[in-house]
Amino acid sequence: MSREAALAVVETVLDKREDELVDLRRDLHAHPELSWEEVRTTDLVTHQLDGVGWRLTRAGTSGVIAELGDDGPVVALRADLDALPVDDTTGDPWQSQVPGIAHACGHDVHTTALLGAGLALAEVRAAGLLPGRVRLLFQPAEEVMPGGANRLMDLGALDDVTRIFCLHCDPTIDVGRVGLREGPITGAADSLEIRLSGSGGHTSRPHLTEDLTFALAKIVTELPAVLSRRLDARAGVSVVWGQVHAGRATNVIPDSGTLAGTVRMLDAVAWSDMEQRIRQYVAEILAPYGVRADVDYRRGVPPVVNDVASAALLGRAVDDVLGVAGRAPTAQSLGGEDFAWYLTLVPGAMGRLGTRTPGGPTYDIHQGNLRVDERATVIGAKVLSTVAIRAL
């Protein structure tokens, strides 16, 4: 009966605070901050949680670890704080007031939902219904590699934690539903930059040069092709280039060039030796041309792998809040998420929070026109509160 009573407190508190949470989300959306610069956002979080029972530890200039309760097992809930370097093109009254920066991945929703959960759980504890401890991780810098998860882990964020949960906005799922999956739900994601150098010259005499531009083009096309034939296709390896730069004149073969992109895969085993393979294949592709390569391979994140028991707990929390119709199947994506690092140390699960208005347009994350159905904010708060209570 104590669990039912605790869940009733959550429902009552968050129904009363729904308009307040929407206003908070709009405020965060209007004032986005880039990775490691989330100072105002951190101040807002600490202001909201200060004085209601949470013990707050600031994680440097940005980020907060908050704990509630004095003894018993610890369940952690995590949200990310940072925005992206893109222009907000929504035209909403609360659109970004910071040129070139926008919450285009829904982290404003994540932060507000976790804040709402924190306020509700404080009321649960005040009523004597919290059977353990809850730790909230307001994490900076999810959008960069390496991300802020490692900083919080270094500060003891997972000490004594038995399970950890988070939600991530998904604009392909209708509001009122949460995407659930056992096992891997995201992919591994690394960054790759290759700087080429070689003797340049006149385009009329490429045989007297090392034709760096041609060699660069071979890397662009051949590296993804080689990987597709040298690795099991089930690993889902994808190399996609975001930047290619070489030369400034049409009749000059340059002596340097760069290309950069991401390396993503579904499989943690393939991820373990991907850097070595990339370096080997780049050298083999360039060997006939004499061009030299400096490969900067940065390991980013492994796949998020949802623990079966934790995924089941999250599913039951969705049932409590939304009913069984609230469950949505979801596939593994190639998107990277540094929540994965937490799951290398403790079991947990990530769910996909539906943000699409039923019958409305489908947006994509990391785009400046991303709009979310704001009902998702309080739904996320309820699901996070409920899964913490269930896990305890």
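W36 counts as partly exposed because its relative accessibility is 32%, a value that falls between the 20% limit for buried and the 50% limit for exposed. This comes from a predicted model. W36 sits in the loop that links α2 and α3. Its phi is near 70 degrees, which is positive although the residue is not glycine. Most residues other than glycine have a negative phi, and most peptide bonds are trans.

A141 also has a positive phi without being a glycine, here about 60 degrees. A141 belongs to the loop between β4 and α5. With 0% relative accessibility, A141 counts as buried, since buried means under 20%. P146 is found in the loop between β4 (133–139) and α5 (149–154). The peptide bond leading from M145 into P146 is cis, and its omega is near -10 degrees.

| Site | Feature | Value |
|---|---|---|
| W36 | positive phi | near 70 degrees |
| A141 | positive phi | about 60 degrees |
| M145 to P146 | cis peptide bond, omega | near -10 degrees |

E38 lies in the loop between α2 (18–30) and α3 (39–49). This residue is buried but forms no salt bridge. The side chain of E38 instead has polar partners of other kinds. One is the side chain of S62, with a polar contact of 3.0 Å. Another is the backbone nitrogen of A141, which the E38 side chain reaches at 2.8 Å. Apart from neighbours within four places in sequence, the residues in contact with E38 are E33, S62, L81, D82, P140 and A141.

A separate part of the model concerns strand β16, which spans residues 348–356. Eight of its nine residues are buried, so the strand is mostly covered. β16 pairs with strand β5 (residues 161–174) in the parallel sense, over eight bridges. Within this part, D174 has R356 of β16 as its bridge partner. β16 also pairs with strand β6 (residues 178–180), in this case antiparallel and through two bridges. V178 stands opposite L353 of β16.

Key
Residues numbered from 1 in each chain as written. Predicted model: local features only at pLDDT ≥ 70, side-chain atom pairs only at ≥ 80, totals over all residues. Heavy atoms only, no water. Buried < 20%, exposed > 50% of the residue type's maximum accessible area, 1.4 Å probe, protein only. Helix = DSSP H or I, 4+ residues; strand = E, 2+ residues; numbered from the N terminus. Pairing = 2+ DSSP bridges. Lys, Arg positive; Asp, Glu negative; His and termini not counted. Salt bridge = Lys/Arg side-chain N within 4 Å of Asp/Glu carboxyl O. Polar contact = N/O pair within 3.5 Å; in protein donor to acceptor, adjacent residues only side chain to side chain. Contact = heavy atoms within 4.5 Å.
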